[in-house]
Amino acid sequence: MQEKSVWWKRIINWKNAKYVISSVVSSILEFAIFFLMTSIIWKDSKEIILIATIVGRTLGTTLCFFLNKYWCFQVYNRTLIQSIEYAILFVIKLYLSYFFVNMIVDAYAINPTLIKLPIDIALFFIGYLVQNFIIFRVY
């Protein structure tokens with residue numbers, strides 16, 4: 001008798017687990033840099049949200065690109081094209097993160113560190129789809 005395909009078996013697999021692990025490691029780096037820059041170094045500067053977002057996202061994204069390329073998706077060719085596509089995704093996610101954090105901080109006077117996490121979780125799912133089906137697709 002053939003086993004019926006269970007929906008969760010299609011979602012929970014080793015490739016998806018590695019993507020989550022690489023994203024969590026990269027996000028911890030990004031979040032730590034954002035926290036240090038906004039809470040400790042330049043506590044009272046509004047411009048620091050943009051600077052901290054750029055610095056944190058740049059370092060976190062660089063780490064995540066290499067983890068995803070070589071460990072998660074195991075694609076060893078097309079590095080130049082993939083890095084350009086990844087850079088485009090990076091800029092879009094960077095802008096969306098900054099835009100929504102800044103908008104919510106302005107509207108509700110919330111600590112930017114608190115609102116950044118749920119926004120970046122939403123961007124995480126969008127990023128996975130783009131990477132899986134566009135950037136690191138296998139031909």
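Guide: A residue is buried under 20% relative accessible area, exposed over 50% and partly exposed in between, for a 1.4 Å probe and protein chains only. Helices (H or I, at least four residues) and strands (E, at least two) are DSSP runs, numbered from the N terminus. The model is predicted: local features need pLDDT of at least 70 and side-chain atom pairs pLDDT 80 or more, while totals for chains, interfaces and linings use all residues. Residues are numbered from 1 along each chain as its sequence is written, and side-chain values use heavy atoms, leaving out hydrogens and water.

Visitor: Which residues of helix 2 are buried?

Guide: They are Asn16, Lys18, Tyr19, Ser22, Ser23, Ser26, Glu30, Ile33, Phe34, Met37, Thr38 and Ser39.

Visitor: Why does Ser26 count as buried?

Guide: Its relative accessibility is 4%, and the limit is under 20%, so Ser26 is classed as buried. Ser26 belongs to helix 2, residues 14–41. Beyond its neighbours within four places in sequence, Ser26 is in contact (heavy atoms within 4.5 Å) with Gly60, Leu63, Cys64 and Leu67.

Visitor: What does the side chain of Ser26 reach?

Guide: The backbone oxygen of Ser22, at 2.9 Å. A polar contact is a pair of N or O atoms within 3.5 Å; within protein, one must be able to donate a hydrogen and the other to accept it, and residues adjacent in sequence count only if both atoms are side-chain atoms. At the N-terminal end of helix 2, the cap is Asn13, with a side-chain oxygen 3.1 Å from the backbone nitrogen of Lys15.

Visitor: Which residues make up the largest nonpolar core?

Guide: A nonpolar core joins buried Ala, Val, Leu, Ile, Met, Phe, Trp, Tyr and Cys residues through side-chain atoms within 4.5 Å. The largest has 11 residues: Tyr19, Cys64, Phe65, Cys72, Phe73, Val75, Tyr86, Leu89, Tyr128, Ile135 and Phe136. A second, separate core of 7 residues includes Ile49, Val101, Val105 and Ile115.

Visitor: What makes the pair of Phe65 and Phe66 edge-to-face?

Guide: Rings of Phe, Tyr and Trp (its six-membered ring) pair if their centres lie within 6.5 Å; planes under 30 degrees apart are stacked, over 60 edge-to-face and the rest tilted. The whole structure holds 15 aromatic pairs. Phe65 and Phe66 lie 5.1 Å centre to centre with 80 degrees between the planes, and the pair is accordingly edge-to-face. Phe65 is buried at 6%, whereas Phe66 is partly exposed at 44%.

Visitor: Where does the charged end of Lys116 sit?

Guide: Over the ring of Phe34, 5.1 Å from its centre. The criterion is NZ of Lys or CZ of Arg within 6 Å of the ring centre and within 35 degrees of the ring normal. Lys69 likewise lies over the face of Tyr70, at 5.4 Å from the ring centre.
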